[in-house]
Amino acid sequence: MAKKNTDTHGYTFDTIIIGSGPAGSTAAEILAHGGQRVAIVEAEKLGGECLNYGCVPTKSMLTAAHLFRSVKNQKAITNSGLLKLRINKLVSLAENNIAKTGAEELGTEFKKLGITVLEGRAYFLDSRYIDVGGEKYSANNFIIATGGEVAIPNVPGLDGLDYLTYKNFLPKIKERTPRSVTIIGGGAVGCEYAQILSATGAKVNIVECAERLVSDQEPEASEVLLKNFEKVGVKVYLSARVVAAHPSSTGNLKEVEIICPKDGQIDLKTDSIMVAAGKKMRDGGDGLGNTGIHCENGLIKTDSHCRTTQEHIYAIGDTTGPYRLTSTALQQARIAALNILSPIKKNLATVDHTVTPSCIFTLPEVAKVGESTISLRTRKVKFVESIVLLSNVTRAKLEDDLGGFVKLWADPVSKNILGACLVGPNSAEQISSLALAIKMKVSTHQLADLTQVFPTWSEAISLAASEL
Ligand SMILES: Cc1cc2nc3c(=O)[nH]c(=O)nc-3n(C[C@H](O)[C@H](O)[C@H](O)COP(=O)(O)OP(=O)(O)OC[C@H]3O[C@@H](n4cnc5c(N)ncnc54)[C@H](O)[C@@H]3O)c2cc1C
């Protein structure tokens, strides 16, 4: 397809996008469809974290792990003692799904749309020029979509050990199947990996420095998750500090020394260590300091139109926040691309982060949307809340609810829903209805009146709404 030379001002491209994760690749495709001359720079694998190391591999392995647990729990219809889940089969499944979802497909799509792929690391020389592998390129607009990096905690001795992260998990696990794994970090990534590993029979410890698992979720969600981990033999150490890590004096094991209020100082002997302690942003790296754009708390500062403090440079996805989610990255990509294409710069499209549903794909799933009750309390915003256990609906007689619940909170006067937390089967799918309810300013009365399919978990949503 021939590209219109819209507004290059003598620059090499209309827009250069740095990073080909979900944020960068979506923006590139929209801009190319809009007739722009587009280049995308990628230092590693096309598709970024979501496709190669994040959502696609974890959700592939988790789906299989949950299916395995469900079948194993059906003692009345299966000879569950004979069932085994092998980690190398999970790894192959994840690799196949990565191939199916496709870096290769992405490359073909870019080619079809006339998008130039520049392989290598982009380094800003100034706000108009970048260097990639010794070549200089310029553009009228830039989009920074560079994501983040694995954060490695400063633990004495850890550096000298061969540890797992979400980035090296697949190749390393293929080399050697661990019988025990100590996971440093009890956030979403740590909990999802604990679920995958424990389903394969590995003995798993989670060491978390906060008082509870998934501490950005509602407190009741953390409790349910903790109980379910304890039920399947995952040992969780809370408010725990990792003080050192080193090879064990006996055998081929590693030792993680921790201090926690409940158990005091203990050495966890383990086959493998997995670091899942969050992500580090790339602020200041890759020549960002030469552009004059501002960073705050590690994130690139943007306005509601996804523009940085240099109006021709946009930043989207994990690199700018506020959420490190593919869904947020995709929304910001659409907004940034539309704003670059817009001929009227006075009326730019705006991002809306108030309704961002998300889910941790553990068993049970933990999904949330809207403002958290913790944030509302901190800001002294008044609200009413209700919580209904899933055991109150008929579906729980047919399937295991794993102690799940629906929690809703609403404005005390208008009764509009402000937020929701769902813990239980299919929460990731169900949370969309509550996202819509918040977006459309649906009241608790309207939600309570809604007829739900019988027998489903969703009936608990109407019950919770009727209590507000
Ligand atoms: C284990 C795990 C599970 C996850 N599961 C989910 C989930 O279920 N749902 C969900 O919504 N989110 C999930 N996420 C988060 C999701 O992966 C990220 O939010 C998403 O990938 C962010 O997209 P992005 O395009 O901003 O950045 P990325 O996907 O990180 O892509 C950035 C790209 O930029 C490249 N890059 C960086 N610097 C340069 C440079 N200077 N030059 C050239 N290229 C560069 C990098 O190599 C990378 O390919 C998960 C994350 C992890 C780690």
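**Close-up views of a predicted chain**

Seven bridges link β12 with strand β13 (residues 264–270), and the two run antiparallel. Strands here are DSSP E runs of at least two residues, helices are H or I runs of at least four, and both are numbered from the N terminus. Strands count as paired if DSSP finds at least two bridges between them. This is a predicted model: local features need pLDDT of at least 70, side-chain atom pairs count only at pLDDT 80 or more, and totals for chains, interfaces and linings use all residues. Residues are numbered from 1 along each chain as its sequence is written.

**View 1. The antiparallel sheet β11-β12-β13.**
Three strands make an open sheet in the order β11-β12-β13, with antiparallel pairing. β11 and β13 are its edge strands, each pairing on one side only. Neighbouring strands are turned by 20° against each other on average, direction ignored. Axes are lines fitted to C-alpha atoms, for helices over the stretch in contact; angles run from 0 to 180 degrees between N-to-C directions.

**View 2. The two hairpins of this sheet.**
Six antiparallel bridges hold β11 (residues 241–247) to β12 (residues 254–260). A245 stands opposite V256 in β12. Six residues lie between the strands of this hairpin, and G251 takes a positive phi near 70°. The hairpin from β12 to β13 runs through three residues. Across that pair, I259 faces Q265 in β13, and E257 stands opposite D267 in β13. In a regular strand the side chains alternate between the two faces of the sheet.

Four strands form an open sheet in the order β10-β9-β8-β14, with parallel pairing. β10 (235–237) and β14 (272–275) stand at the edges with a single partner strand each, so one side of each is left without a neighbour in the sheet. The twist averages 20° from one strand to the next. Three bridges join β9 (residues 203–207) to β10 in parallel. I206 stands opposite V236 in β10. Helix α7 (residues 188–199) packs on the sheet and touches β8 (180–184), β9 and β14. The direction of α7 makes about 170° with that of β9. Contact means C-beta atoms, placed from the backbone, within 7 Å.

**View 3. The shell around the ligand.**
Which residues come nearest to the ligand? Of the 35 around it, they are G19, G21, G48, G147 and G317. A residue is near a molecule or strand if its C-beta atom, placed from the backbone, lies within 6 Å of it. α1 (22–33), β2 (38–42), α2 (48–52), α3 (55–73) and α9 (326–341) each give at least two residues to the shell. By class, the shell has 14 nonpolar, 13 polar and eight charged residues. Nonpolar covers Ala, Val, Leu, Ile, Met, Phe, Trp, Tyr, Cys and Pro; charged covers Asp, Glu, Lys and Arg; the others, Gly among them, are polar.

**View 4. D162 in its loop.**
D162 sits in the loop between β7 (148–150) and α6 (169–175). Is D162 buried or exposed? D162 is exposed, with 12 other C-beta atoms within 10 Å. The cut-offs, with C-beta atoms placed from the backbone, are 20 or more such atoms within 10 Å for buried, 12 or fewer for exposed, and partly exposed in between. D162 and K172 are 10 residues apart in sequence and 9.5 Å apart in space, C-alpha to C-alpha.

How values were computed. Two residues are in contact if their C-beta atoms, placed from the backbone, lie within 7 Å.
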